[in-house]
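User: I would like to learn how to read the surroundings of a ligand and the sides of a helix. Please start with the ligand.

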Amino acid sequence: MITSCFVSENELTEQKVIAAELAQEIRPRGLTFFVETFGCQMNVRDSETVKGWLSMIGYKEAENKESADFILFNTCCVRDHAEKRLMGNIGALKELKDANPGMIIGICGCMMQQEGMAKKLLRRFPHVSLIFGTNVLHRFPEMLRAVLNGDRIAVTDRADDAIAEGLPKLRDNQRSAFVNIMYGCDNYCSYCIVPYVRGHERSRKPEDIREEIANLCESGITEITLLGQNVNSYGNDGTTGMRFADLLRYISDVPGLKRIRFMSSHPKDLNEDVMQTIAALPNVCHHVHLPVQSGNSEILKRMNRKYTREHYLSIIERLRELVPDIEFTTDIIVGFPGETEEAFRDTLSLVEQVGFASAFTFAYSPRQGTTAARMEDQIPEAVKKQRLKALNELQARKTVENNEKYIGFVGEVLVEGCDERGEETMLYGKYQNFKMVYFTGCKELLNRYVTVKVLQSNKNSLLGEMIDA
Ligand code: 5AD
Ligand code: SF4
């Protein structure tokens with residue numbers, strides 16, 4: 001059993017003192033920052049913490065890279081070309097740095113946790129002076145102070161079991177927020193690098209999670225998304241006294257909390273209790289992002305996913321029985337080592353059968369250090385590409401089919417954004433089950449709930465009219 005270790009309050013106070021000291025120097029100079037985030041919601045959430053620190057230290061957010069005094073790339077290494085792209089991005093900053101020698105360029109995120117990466121980057125890019133990994137966000141002020149004093153540093157400690165509470169955050173969304181419930185992953189799916197870079201699974205305390213949500217709701221947020229690599233294994237290590245379904249019940253009555261979302265779910269841990277809870281709690285949204293990865297049980301076994309095609313389908317069936325208006329989205333990998341034409345057809349038939357509202361589809365990309373990267377029967381890139389195309393065509397057809405079901409549907413939408421098109425303002429937002437709809441309205445309705453009726457279904461979206469604001 002892993003016992004969670006929390007970053008001590010003293011340690012955090014020390015960092016906040018450093019931040020306050022730096023602010024005395026930084027604030028009067030009117031310096032600005034620009035943070036660019038790649039990858040998943042986890043990284044988006046981490047960037048909010050870095051931005052929170054930067055604000056506390058006296059930096060203001062810049063409009064663009066060109067005008068910023070501190071530039072940070074938050075990187076992802078889950079799939080392919082990210083590394084090449086990052087190298088290009090960093091190389092391109094040299095000119096900016098030459099024009100503004102006081103500029104600080106930093107890189108953080110999962111990719112920095114990869115063996116040897118941080119050192120390699122420091123060597124290759126003399127204009128980069130700060131590199132840090134995913135487990136040391138609580139030490140940001142100390143790291144920045146060193147850099148402001150002229151050091152070039154890389155901090156990628158594998159303080160695996162550290163959970164830091166009470167870090168500052170700068171969130172730019174007043175409607176919806178991500179809330180981490182756990183960090184890391186212990187599942188070791190054979191294709192995946194996440195357990196190696198984000199470390200062991202550890203769950204936050206329920207009280208800390210509830211307090212964060214209560215504060216968010218007090219500030220006007222009404223929708224939260226609980227984040228974890230596998231939210232369904234929340235508390236499985238026995239450290240929290242609660243499992244995921246208990247956590248949902250425990251937070252659901254926070255005043256003002258209208259919508260609870262969560263991601264990602266792992267089919268192996270999505271149990272009857274969780275399903276019943278989704279059905280029973282009025283503010284848990286009827287949407288499950290349930291990555292299937294493959295429709296073939298043999299491939300699933302080689303992926304170390306620990307469920308079969310049949311088990312996956314049984315979850316879909318049971319949830320539909322309990323929650324008739326539920327929608328599913330998924331992640332799928334094609335061209336995993338050893339995937340035969342027949343195995344790939346099993347994926348197609350599963351997609352046909354389930355009818356996902358949408359799917360993120362990927363060609364398998366070998367990640368150094370993972371089991372699958374060492375498997376012998378790798379699939380040629382051309383075949384992966386071809387399969388991805390076939391899968392995407394099928395899913396596009398299923399998305400249209402799914403959309404068509406909604407013509408005439410009436411429901412509450414949380415308004416997320418607006419597009420001014422000449423005279424007209426197009427608003428968009430989601431029903432509780434994650435379906436997105438566009439409709440005309442005025443931008444004062446942003447972040448509010450309105451009732452929308454679906455009139456038309458397009459290829460990728462629904463078009464509706466507001467019937468009640
Ligand atoms: N190759 C392709 N896709 C991958 N994913 C994770 N690792 C890989 C890989 N090596 C996909 C999975 C996962 C999503 C976040 O990224 O589908 O669910
Ligand atoms: Fe990667 Fe599997 Fe963990 Fe998801 S559950 S982060 S795919 S190892």
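Analyst: A residue counts as near a molecule if one of its heavy atoms lies within 4 Å of it. Around ligand 1 these residues are Val-78, Arg-79, Tyr-191, Gln-293, Asp-331, Ile-333, Phe-362, Ala-363, Tyr-364, Ser-365 and Arg-367. This is a predicted model, in which local features need pLDDT of at least 70 and side-chain atom pairs pLDDT 80 or more, while totals for chains, interfaces and linings use all residues. Residues are numbered from 1 along each chain, ligands are numbered from 1 in the order written, and side-chain values use heavy atoms, without hydrogens and water.

User: Which polar contacts does ligand 1 have?

Analyst: A polar contact is a pair of N or O atoms within 3.5 Å. A polar side-chain atom of Arg-79 is 2.6 Å from an oxygen atom of ligand 1, and a side-chain N or O atom of Asp-331 lies 2.7 Å from an oxygen atom of the ligand. At Ser-365, a polar backbone atom is 2.8 Å from a nitrogen atom of ligand 1. Alone, ligand 1 exposes 410 Å² (Shrake-Rupley method, 1.4 Å probe), and the protein buries 86% of that.

User: Which residues of helix H3 are buried?

Analyst: Buried means under 20% relative accessible area and exposed over 50%, with a 1.4 Å probe and protein chains only. Helices are DSSP runs (H or I) of at least four residues. In H3, residues 82-91, the buried ones are Ala-82, Leu-86, Met-87 and Ile-90. Seen down the axis, they fall within an arc of 135 degrees (taken from the directions to the C-beta atoms), so they line one face of H3. The face turned away from this side carries the exposed Lys-84 and Arg-85.

Technical notes
Helices (H or I, at least four residues) and strands (E, at least two) are DSSP runs, numbered from the N terminus. A polar contact is a pair of N or O atoms within 3.5 Å; within protein, one must be able to donate a hydrogen and the other to accept it, and residues adjacent in sequence count only if both atoms are side-chain atoms.
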